[in-house]
Amino acid sequence: MFHDRKILYSGMQATGNLTIGNYLGALKNWNSLNEEYDCLFGVMDLHSLTVRQNPAEFRQRARSLYTLYVASGLDPEKNCIYFQSHVSGHAELAWILDCFTYMGELNRMTQFKDKSAKHADNINAGLYTYPVLMAADILLYQSDVVPVGVDQKQHLEITRDIAGRFNGIYGDVFTIPEPYIGRQGAHVMSLQNPEKKMSKSDENPNASVYLLDDTDTIIRKFKRAVTDSDTQVRYAPEEKPGISNLIEIYAAAENKTFEEVEKEFEGKGYGDFKLAVGEAVASMLKPMQEKYKELSKEKSYIDSRIKENDEKAQYMADKTLRKVQKKVGLTERIR
Ligand code: AQP
């Protein structure tokens with residue numbers, strides 16, 4: 001499966017149903033990465049535990065996330081698509097790296113502050129040490145590049161700091177990962193509050209469009225999207241955040257520039273535009289939804305890919321983990 005090319009690592013949490021933000025911002029672009037890199041894409045189910053999950057729904061959602069990766073076009077025979085929790089090395093390496101991370105560094109993480117504010121009733125230690133588990137995810141596979149959204153930049157920096165510190169003591173154990181510099185995805189905002197990013201764990205279902213929403217639901221959500229009292233379809237994120245967000249979505253769905261979109265809707269009202277955005281998104285999602293339906297019936301195909309890829313990931317992870325264990329002086333296993 002792998003060709004000794006540079007390794008690229010990414011993943012998504014199973015904290016909710018995937019949204020068009022996850023798709024246009026990440027998943028859509030992941031599809032072309034395999035041309036250049038050996039790619040690992042994780043279903044980051046351990047990370048998802050920082051938020052309390054209903055076990056049955058969580059299990060089903062994580063499986064659905066795996067199937068959606070495949071339905072979106074990621075080939076599980078060319079990419080290593082696997083479950084984070086199936087490779088015990090993530091948690092094992094995270095513990096060792098915890099001992100090489102300073103509280104002062106973790107105290108500076110803005111995502112911890114944001115997420116603690118969002119989940120004030122459950123500010124657990126996992127939320128705090130989340131960046132160390134993320135560092136373990138990346139370093140375990142000797143990843144060269146990581147595509148990161150703005151909100152994850154700080155986490156990649158701390159990963160590089162931890163790896164550099166470890167290498168400084170023990171020699172070249174870890175590859176120091178670089179941010180992926182390539183085509184950036186769209187940044188999609190909430191349909192109900194365009195100041196906030198569209199999120200799979202948003203409590204308001206009208207704020208997000210999910211990848212498995214049917215056409216009527218999609219069109220209804222766009223019709224209800226919060227905009228301004230003006231009538232001009234013009235890209236001006238500060239002044240018109242709602243309409244600018246819809247322009248960004250439409251442009252990404254139709255592969256058009258913002259200027260082309262503005263021109264197309266010159267003299268037309270918001271009603272026409274919202275309907276067009278809904279239709280464009282519904283037709284963008286249709287092939288993926290059909291593929292998802294088909295794949296959901298092919299349980300044994302997905303099971304085999306999960307098994308193969310788990311083994312592949314486990315093999316790669318073990319190599320790094322054994323090296324790390326040896327370097328820090330843990331007693332070798334007797335085989
Ligand atoms: N609104 C968005 N626009 C563009 N890209 C987005 N991503 C997420 N939301 C948007 C990208 O999707 C990937 C998923 O990352 P994640 O699952 O680790 O969690 P996240 O970034 O915190 O995404 P969510 O949907 O907002 O999850 P919750 O609600 O659990 O916090 C990343 O590549 C991210 O950049």
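**Exercise 1: the second largest pocket**

Fifteen residues, given as 15 in the count, line the second largest pocket, and those nearest its centre are I7, Y141, Q142, M316 and K319. The model is a predicted one, in which local features need pLDDT of at least 70 and side-chain atom pairs count only at pLDDT 80 or more, while totals for chains, interfaces and linings use all residues. Residues are numbered from 1 along each chain as its sequence is written, and side-chain values use heavy atoms, with hydrogens and water left out.

Task: state how much space lies in the second largest pocket, which helix gives the largest share of its lining, and how the lining divides by class.

Solution. Begin with the term itself: on a 1 Å grid over the protein atoms alone, a pocket is an open set of points with protein on both sides within 12 Å along at least five of seven lines, and a lining residue has an atom within 4 Å of a point. A volume is the space filled by probe spheres set on the points, which are joined across faces, edges and corners, and for the second largest pocket that space is about 290 Å³. Next, assign the lining to elements, where helices (H or I, at least four residues) and strands (E, at least two) are DSSP runs numbered from the N terminus; helix α13 (residues 299–328) supplies the largest share, six residues. Then sort by class, counting Ala, Val, Leu, Ile, Met, Phe, Trp, Tyr, Cys and Pro as nonpolar, Asp, Glu, Lys and Arg as charged, and the others, Gly among them, as polar; the lining has seven nonpolar, two polar and six charged residues. Finally, look at the backbone of Q142, which sits in the loop between α7 and β4 (145–146) and has a phi near 50°, a positive value in a residue other than glycine.

**Exercise 2: the cavity**

Task: find how many cavities of 30 Å³ or more the structure holds, and describe the lining of the largest cavity.

Solution. A cavity is a set of grid points where a 1.4 Å probe fits but cannot get out. The structure holds one cavity of 30 Å³ or more, and the volume of the largest cavity is about 50 Å³. Its lining is formed by M109, Q111, F112, K115, L127, Y130, P131 and H155, with α6 (110–118) and α7 (125–140) as the elements that give two or more residues. By class, five of the lining residues are nonpolar, two polar and one charged. T50, in the loop between α2 (45–48) and α3 (55–71), can be taken next: leaving aside neighbours within four places in sequence, T50 is in contact (heavy atoms within 4.5 Å) with N122, N124, G126, L127 and Y130.

**Exercise 3: buried or exposed?**

Task: decide whether Y66, K28 and N255 are each buried, partly exposed or exposed.

Solution. Y66, in helix α3, is buried because its relative accessible area is 0%. K28, in helix α1 (residues 20–33), is partly exposed, at 22%, and its contacts beyond four places in sequence are Y23, A252 and N255. N255 itself is exposed, at 60%.

Note on methods. Buried < 20%, exposed > 50% of the residue type's maximum accessible area, 1.4 Å probe, protein only.
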